[in-house]
Amino acid sequence: MKLGFIGDIVGRPGRKMVKTFVPKLRESEGLDFVVANYENASHGFGLTEKNAKELFAAGIDVMTGGNHTWDKKEIAGLLESMPLLRPANYPEGVPGRGMRIFEVGGETLAVVNIMGHYGMPMVENPFRSAANLVETLRAEGIRHIVMDFHAEATSEKRAMLMMLKDSASVIVGTHTHVGTDDLVIDAGCGYVTDIGLTGCRDNVIGMDAKVPIERFLTGLPGRFDVPDKCRAMLQMIVFELREGRCADAYKVRCYDDGKMEVSLKARVEEAV
Ligand code: FE2
């Protein structure tokens, strides 16, 4: 199966890129299933019902969350009524779920959402939660397992790959909004430290640069804002999965001038 993975969709510019390019990418790349991260989709903070419907209508199949999952109050209901995830390592009793199972072209696919530890809200241990979840899925005979590891620290993301590369099909990082160039297939697991944002490619992590600059200059607080106008970009990693392993991976970037390009090919690491 061919899977498209989009990172953090940031505000209206990000949603616009999804609406323009996801239908085209489904066609041009032959995608069977598309995953995206919603936590910054509604003006940079959380997700509204209207925006969720808009993104699903554009061709996204499931959306993952993170530390900003809770920024819009209506999310608790949406987590039940729509194919949305929040990190699996929130404690028991928290609304929503961190894993969903789909049938894609006659095969079973599990999508898992985990949140890191460094700089994140205090939740359950991400590594123990992820290992337990993946082990349970494997015991149930599910081999196609893809994970959005929403984390700040690159070391946590690398450690997750090293720990689960033999049992997970794909592990991608989100949250930092800056795409990294370490796309790799290691022991049959597709991995990148961060897919990078879909939204304003200028400014600062998709937000108007004025506020972060002022915050850095003065140390005073200020609320991030998504600019109305900017140069926008969509970033997607395409993973081809066969029998639970990742056989191929590459990155596509789409720009607001209509240009689409393969910007990165995965390095396939041989066993040592
Ligand atoms: Fe985040």
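In the predicted model, Pro 221 is found in the loop that runs between helix 6 and strand 11. With a relative accessibility of 80%, Pro 221 counts as exposed, since the cut-off for that class is over 50%. The C-alpha atom of Pro 221 is separated by 8.7 Å from that of Val 211, a residue ten positions away along the chain.

Two further loop positions belong to the segment between helix 3 and strand 4 (99-104), namely Arg 86 and Pro 95. Arg 86 is buried, at a relative accessible area of 6%, whereas Pro 95 counts as partly exposed, at 36% relative accessibility. For Pro 95 and Gly 77, the corresponding C-alpha distance is 8.2 Å, at a sequence separation of 18 residues.

Backbone geometry was examined next. Most residues other than glycine have a negative phi. Asn 203 has a positive phi, near 65°, and is a residue other than glycine. Asn 203 lies in the loop that joins strand 10 (199-200) to helix 6 (210-218), and its relative accessibility of 32% places it in the partly exposed class. Glu 243, likewise not a glycine, has a phi of about 50°, again a positive value. The loop between strand 11 and strand 12 holds Glu 243. This residue is exposed, with a relative accessible area of 60%.

The model includes an iron ion, coordinated by Glu 39 through OE, Asn 67 through OD1, His 150 through NE2 and His 175 through ND1, at 2.1 to 2.3 Å. The angles subtended by the four donor atoms around the iron ion run from 88 to 153°, and the arrangement is therefore irregular. A tetrahedral assignment would require all angles to lie between 85 and 135 degrees. For four tetrahedral donors the ideal angle is 109.5 degrees. Along the sequence, the donor residues follow the spacing E-x27-N-x82-H-x24-H. Glu 39 is in the loop between strand 2 (33-37) and helix 2 (49-57), and Asn 67 is in the loop between strand 3 (62-64) and helix 3 (75-81), so this pair ties together parts that are 28 residues apart in sequence. Glu 39 is also buried, with a relative accessible area of 1%.

Nonpolar packing was considered through the largest nonpolar core. In soluble globular proteins, nonpolar side chains tend to be buried together. The largest nonpolar core has 31 residues, and Leu 47, Ile 60, Met 63, Leu 84 and Leu 234 touch the most other members. Two or more residues of this core are given by each of helix 1, strand 2, helix 2, helix 3, strand 11 (232-242) and strand 12 (245-255). Helix 1 provides the largest share of the core, five residues.

Helix 1 also takes part in the largest pocket. This pocket holds about 330 Å³ of space. Its lining consists of 18 residues, and those that lie nearest the centre are Arg 12, Pro 13, Lys 16, Pro 227 and Asp 228. At least two lining residues are supplied by each of helix 1 (11-28) and helix 2, and helix 1 gives the most, with six residues. By residue class, the lining of the largest pocket comprises eight charged, six nonpolar and four polar residues.

Rolling a probe the size of a water molecule over the atoms shows where empty space is left. One cavity of 30 Å³ or more is present in the structure. The space in the largest cavity amounts to about 30 Å³. The largest cavity is lined by Gly 116, His 117, Pro 121, Met 122, Val 123, Glu 124 and Pro 126. Four of the residues lining the largest cavity are nonpolar, two are polar and one is charged.

Methods: Residues are numbered from 1 along each chain as its sequence is written. This is a predicted model: local features need pLDDT of at least 70, side-chain atom pairs count only at pLDDT 80 or more; totals for chains, interfaces and linings use all residues. Side-chain values use heavy atoms; hydrogens and water are left out. Donors are N, O and S atoms within 2.8 Å of the metal (3.2 Å for Na, K and Ca); water is not among the atoms, so sites may look incomplete. Four donors count as tetrahedral if all angles lie between 85 and 135 degrees; four count as square planar and six as octahedral if opposite donors are over 155 degrees apart and all others between 65 and 115; anything else is irregular. Helices (H or I, at least four residues) and strands (E, at least two) are DSSP runs, numbered from the N terminus. Buried means under 20% relative accessible area, exposed over 50%, partly exposed in between (1.4 Å probe, protein chains only). On a 1 Å grid over the protein atoms alone, a cavity is a set of points where a 1.4 Å probe fits but cannot get out, and a pocket is an open set with protein on both sides within 12 Å along at least five of seven lines; lining residues have an atom within 4 Å of a point. Grid points are joined across faces, edges and corners, and a volume is the space filled by probe spheres set on the points. Ala, Val, Leu, Ile, Met, Phe, Trp, Tyr, Cys and Pro count as nonpolar, Asp, Glu, Lys and Arg as charged, and the others, Gly among them, as polar. A nonpolar core is a set of buried Ala, Val, Leu, Ile, Met, Phe, Trp, Tyr and Cys residues joined through side-chain atoms within 4.5 Å.
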